[in-house]
There are 2 protein chains.
Amino acid sequence: MDAVGIRKVSELTGLSIDTLRWYEREGLLPLVEREPGGRRRYSPAAVRFVRLVQALRRTGMPVQDVRAFVRMGSGVEWHGRRAALLEEHAEAIERHIAQLQRDLTVVRDKIAHHRELAERGLDCEDEIDLAEHGSRAKSPDDSEAGGTGDTTEE
Amino acid sequence: MDAVGIRKVSELTGLSIDTLRWYEREGLLPLVEREPGGRRRYSPAAVRFVRLVQALRRTGMPVQDVRAFVRMGSGVEWHGRRAALLEEHAEAIERHIAQLQRDLTVVRDKIAHHRELAERGLDCEDEIDLAEHGSRAKSPDDSEAGGTGDTTEE
DNA sequence: CTAAGCGCTGGAGTCCACTCCAGCGCAACT
DNA sequence: AGTTGCGCTGGAGTGGACTCCAGCGCTTAG
């Protein structure tokens with residue numbers, strides 16, 4: 001058989017052995033078989049399943065939700081529900097990516113700003129940008145930059 | 001002067017008041033002024049800074065690293081270093097986004113799979129996909145996809 | 001047969017990033 | 001003047017997700 005041991009799965013996925021065992025205890029990996037001696041044996045299907053769980057976790061689905069997902073059986077009556085849950089999560093991932101992209105431009109703007117200041121050999125004074133944690137008098141005002149209303153996430 | 005109080009900053013950014021105070025204690029927000037009574041006053045620049053920190057945190061930069069970033073002064077000699085740090089982080093964000101996109105396709109593939117099974121009214125058998133977390137019991141010559149009753153016994 | 005390893009289990013410990021008080025002071029309506 | 005309420009501080013508590021044992025049992029190489 002091409003079933004593999006826990007060490008191999010760890011190597012294949014990058015999840016630690018402890019994490020794999022912990023996921024199983026927590027009910028995220030229900031289809032791991034054992035060999036007579038009691039050791040875990042991961043069938044190719046089980047390995048694929050580990051990868052799905054890994055994808056869900058890595059994309060921010062809480063362990064609790066993965067468990068709930070896993071626990072609804074594989075029977076016909078659940079396929080729709082499962083698909084819906086995954087779809088919901090997929091949308092969450094997309095929103096997350098969009099947020100990261102917005103944050104990325106904030107960071108890149110900052111980089112550009114620094115590069116410019118570095119070139120000109122200026123401290124940032126009127127633009128602020130960063131603190132000097134010394135005492136500082138108040139700067140004259142400057143206007144607001146438009147912000148996207150964001151809600152705390154992740 | 002259009003400086004604002006902590007409540008407003010909380011509303012503007014979505015960060016909780018406690019979090020704002022905690023960030024400050026932890027050295028992530030060095031430029032917050034106080035009014036005579038001791039209350040925090042956030043200048044527009046300070047608010048912008050909060051937004052930068054928020055972007056860094058939301059994109060996964062550990063608090064420790066944000067602090068390190070913040071602590072290197074705003075002097076000329078540091079602009080290059082700061083920019084380099086940010087650049088490094090920007091690349092990390094890009095890698096993260098790429099990973100999310102890969103994981104997203106994993107999830108979407110799974111959705112497609114479920115939709116298909118749902119349409120055909122099939123349980124997943126030869127593809128497995130999900131567990132049978134029944135009692136392990138005795139399966140002498142159990143092999144790979146040997147989907148033993150994958151019915152959930154809820 | 002013995003020893004070295006890997007794996008197993010249950011449980012404790014750790015880390016991170018907040019979040020939640022308790023107790024107090026200023027502020028400002030009425 | 002009173003009282004209602006926001007804000008402040010220091011510190012304790014929480015939740016999530018692992019990570020790290022200790023102690024034991026197969027398995028296998030010598």
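**Figure 1. The annotated coiled-coil region of chain A in the predicted model.** An unreviewed UniProt entry lists residues 83–110 of chain A as "coiled-coil region"; UniProt positions follow the numbering used here, feature names are shortened, and annotations may be inferred rather than shown by experiment. Over residues 83–110 of chain A the chain is 100% helix and 0% strand, with its end C-alpha atoms 40 Å apart; helices (H or I, at least four residues) and strands (E, at least two) are DSSP runs, numbered from the N terminus. The model is predicted, so that local features need pLDDT of at least 70 and side-chain atom pairs count only at pLDDT 80 or more, whereas totals for chains, interfaces and linings use all residues. Residues are numbered from 1 along each chain as its sequence is written, chains are lettered from A and ligands numbered from 1 in the order in which they are written, and side-chain values use heavy atoms, with hydrogens and water left out.

**Figure 2. The protein surface near DNA strand C.** DNA strand C is surrounded by 18 residues, of which A:R7, A:R21, A:R25, A:R39 and A:R40 are the closest; a residue is near a strand if one of its heavy atoms lies within 4 Å of it. By class, this surface has five nonpolar, four polar and nine charged residues, where Ala, Val, Leu, Ile, Met, Phe, Trp, Tyr, Cys and Pro count as nonpolar, Asp, Glu, Lys and Arg as charged, and the others, Gly among them, as polar. At least two residues each come from α1 (6–13) and α2 of chain A and from α2 of chain B, and α2(B) gives the most, with four residues. Sugar or phosphate accounts for 66% of the atoms of DNA strand C within 4 Å of the protein, and bases for the rest.

**Figure 3. Polar contacts to phosphate oxygens of DNA strand C.** A polar contact here is a pair of N or O atoms within 3.5 Å. Polar side-chain atoms of A:R7 and of A:R40 each lie 2.6 Å from a phosphate oxygen of DNA strand C.

**Figure 4. The protein surface near DNA strand D and its polar contacts.** Among the 18 residues around DNA strand D, those that come nearest are B:R7, B:R21, B:R25, B:R39 and B:R40. The largest share of this surface, four residues, comes from α2(A), and its classes are five nonpolar, four polar and nine charged residues. A polar backbone atom of A:V63 is 3.4 Å from a phosphate oxygen of DNA strand D.

**Figure 5. The packing of α1(B) with α2(B).** These helices pack at an angle of about 105 degrees with their axes 9 Å apart, the axes being lines fitted to C-alpha atoms over the stretch in contact and angles running from 0 to 180 degrees between N-to-C directions. The two helices are therefore roughly perpendicular to each other, a term for angles of 65 to 115 degrees. In α1(B), B:I6, B:R7, B:V9 and B:S10 meet B:I17, B:L20 and B:R21 of α2(B), contact meaning heavy atoms within 4.5 Å.

Methods:
Polar contact = N/O pair within 3.5 Å; in protein donor to acceptor, adjacent residues only side chain to side chain. Parallel < 35°, antiparallel > 145°, perpendicular 65-115°, else oblique.
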